[in-house]
Amino acid sequence: MKSLEELKAIRERMQKQIDIRHNDDDRIRVVVGMATCGIAAGARPVLAAFLEEVEKRNLKHVTVTQTGCIGVCRLEPIVEVHIPGQEKVTYVKMSPDKVPAVVSEHLVNRHVVAEYTIGAADERGR
Amino acid sequence: MKDLSLHLLDIACNSVSAGAGALNLELEEREGLLTVTITDDGAGMPPRLLAAVTDPFTTTRTTRKVGLGLPLLRLAAEQTGGSLRVESREGAGTKVTAVFDARHIDCPPLGDMAGTVAMIIQGAPHVEVRYTHTAPSGTICFDTRDIRGILGPDVPLSEPEVARWIQAYIEELTGQLHI
């Protein structure tokens, strides 16, 4: 049975971590396109997969957010990764099974997963 | 859109973009009809925009000349013999009501409502969201106002753990409806 007690526990756990919380400038932002095109293409499970991975790996410096139409609807679901001080990386045609690789290689190890990016999609002539 | 929950997610995003502070999501199953209502207190629309809003070539976005959310919802509802109504007043808010004939073969499944509501909240943690599902067996309701006090000011509703709790909680409530 879910209970409000569990929320209290979440609060207590978060408060203990507030001291080591990174300030906003250090945070990595993962932005998932959630306009009509994105939703129809399957962005919701992709967002859900990111939330799950970030929570599983306890990545406190990562913020997952949603945005509207990015402008390249045929390549949805699209996910942008913003790491402060680096160029934005745009992943296209994302699916939930590609998410763990992006999280572990890019968000944690800082290696862009080139084959999922918009540059690679263009080369393939999509 | 494969199911109704995705339409809900899509239209709710409009409300958030319109600057809603409060968002009401209602799902009603009654006498073979499924009614989805999305009400917000956002910017609202002037009469001319409201009249054209279900036209696919009407959109407020600047990246493309096409806005398909409301037209797709209208199509989905009308395909079952249902309807879509959009009411709006500038400065007050907007209400979108979609009615589906649940027994019609083209009626989309409900989909993952709990996951969708949790995701709407996760993406707009500052908005007060109230989700109500009414079925012949009863009514369930989840309101973000009820949990903000418990979470305190330092835990945003965008935290993955909180979103997961909200989804599981609504799933449980929904389970009770269909007993």
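**View 1. How chain B holds together over sequence distance.** In chain B, 64% of the contacts with a separation of 6 or more link residues 24 or more positions apart; two residues count as in contact if their C-beta atoms, placed from the backbone, lie within 7 Å. Bear in mind that this is a predicted model, where local features need pLDDT of at least 70, side-chain atom pairs count only at pLDDT 80 or more, and totals for chains, interfaces and linings use all residues. Residues are numbered from 1 along each chain as its sequence is written, with chains lettered from A and ligands numbered from 1 in the order in which they are written.

**View 2. Chain B as a whole.** Of its 179 residues, 41% come out as buried, meaning that 20 or more other C-beta atoms lie within 10 Å of the residue's own, again placed from the backbone. The radius of gyration of chain B is 16 Å, which agrees with the value near 16 Å for a compact globule of 179 residues; that is taken over C-alpha atoms, and the globule rule is 2.2 Å times the number of residues to the power 0.38. Along the principal axes, the C-alpha atoms of chain B fill a box of roughly 45 × 35 × 25 Å.

**View 3. The sheet of chain B.** Chain B has six helices and six strands, which are DSSP runs numbered from the N terminus (helices: H or I, at least four residues; strands: E, at least two). Its six-strand sheet is open and mixed, in the order 3-4-2-1-5-6. Strand 3 (83–89) and strand 6 (138–143) of chain B are the edges, each pairing on one side only; pairing takes at least two DSSP bridges between two strands.

**View 4. Strands 2 and 4 of chain B, side by side.** Strand 2 (residues 33–40) and strand 4 (residues 93–101) of chain B run antiparallel, joined by eight bridges. One to look for: B:Ile38 has B:Val96 as its bridge partner in strand 4 of chain B.

**View 5. A helix on the sheet.** Helix 1 (residues 4–17) of chain B lies across strand 1 (22–30), strand 2 and strand 4 of chain B, at about 20° to strand 2 of chain B. Axes here are lines fitted to C-alpha atoms, for helices over the stretch in contact, with angles from 0 to 180 degrees between N-to-C directions.

**View 6. Where chain A meets chain B.** The contact draws 27 residues from chain A and 31 residues from chain B. On the chain A side, helix 1 of chain A gives the largest share, eight residues.

Terms used. A residue is buried if 20 or more other C-beta atoms lie within 10 Å of its own, exposed if 12 or fewer, and partly exposed in between; C-beta atoms are placed from the backbone.
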